[in-house]
Amino acid sequence: MNIQTFPAAPFRAEPAADRPSREAAEAAVRTLIRWAGDDPDREGLRDTPARVVRAFEEFFSGYDEDPVALLARSFEETEGYDEMVVLRDIRLESHCEHHMVPIIGRAHVAYLPAGRVVGISKLARVVEAYAKRLQIQEKLTAQIANTIQDVLQPKGVAVVIEAAHQCMTTRGVHKHGVSMVTSRMLGAFRDDPSTRREFLAMIGGQRWQVEG
Ligand SMILES: [Zn+2]
């Protein structure tokens, strides 16, 4: 089997040396608890700063992932397979960069191979690597599509994300049951209406209008 490896691009926005210590992060959580009006030293809250910092490590683990490297191992031995590859209903958990509250939804990712394919779990991991950061949904959608296009160089890439933003549902306008849909269509998915229609049918029909 022919495995191609591509060099990984830099992916961290900030050099690791600029990262504050765990103690500093926990102290910041204590400050927020006090600012909210509670006592960080009472029994129920005593371990909360440490727990919050551990939760942040999970929520924002994407900063330590390199999405380009995730796609670097691709396979050319595909018996000429050149039909659409679609991964749908990928669970999406992200955080809005304006309020740092959850964005929960699902992503659908497709590409049209041009001789190279990747393991299907790698597509889900690319979604996660970008989702586990501070995000806006538009940028998240574009980053996933652009990375797959740049690294795999397929004939086209399509990404659709539908998600609810807790900054809309639990604060501010308090709009429940509202989800936001974003899409990024590249190559054949942008240029060929029948390819786009086939993809939209595969991920659930005409529930939404997708702009090119
Ligand atoms: Zn927000």
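Visitor: Why is Cys96 called buried?
Guide: This is a predicted model. Cys96 has a relative accessible area of 5%, and buried means under 20%, so Cys96 is called buried.

Visitor: What makes Cys167 buried?
Guide: The relative accessible area of Cys167 is 10%. The cut-off is under 20%, so Cys167 counts as buried too.

Visitor: What makes Cys96, His99 and Cys167 donors of the zinc ion?
Guide: Cys96 (SG), His99 (ND1) and Cys167 (SG) lie 2.1 to 2.3 Å from the zinc ion. Donors are N, O and S atoms within 2.8 Å of the metal, so these atoms qualify. Along the chain the donors follow the spacing C-x2-H-x67-C.

Visitor: How do you know that the pair Cys96 and Cys167 links distant parts of the chain?
Guide: Cys96 is in strand 3 (residues 85-96), while Cys167 is in helix 6 (residues 166-169), and the two are 71 residues apart.

Visitor: Why are strand 4 and strand 6 called paired?
Guide: Between strand 4 (residues 102-112) and strand 6 (residues 156-165) there are 10 bridges. Pairing takes at least two bridges, so the strands pair. They run antiparallel, and Leu112 stands opposite Gly156 in strand 6.

Visitor: Which strands stand at the edges of the open sheet?
Guide: The sheet has 5 strands in the order 5-3-4-6-7, with mixed pairing. Strand 5 (134-135) and strand 7 (180-187) each have a single partner strand, so one side of each lacks a neighbour in the sheet.

Visitor: What does helix 4 touch when it packs on the sheet?
Guide: Helix 4 (residues 120-131) touches strand 3, strand 4 and strand 5, and its direction makes about 20° with that of strand 3.

Note on methods:
Residues numbered from 1 in each chain as written. Predicted model: local features only at pLDDT ≥ 70, side-chain atom pairs only at ≥ 80, totals over all residues. Heavy atoms only, no water. Donors = N, O, S within 2.8 Å, 3.2 Å for Na, K, Ca; no water. Helix = DSSP H or I, 4+ residues; strand = E, 2+ residues; numbered from the N terminus. Buried < 20%, exposed > 50% of the residue type's maximum accessible area, 1.4 Å probe, protein only. Contact = heavy atoms within 4.5 Å. Axes fitted to C-alpha atoms, helices over the stretch in contact; angles between N-to-C directions.
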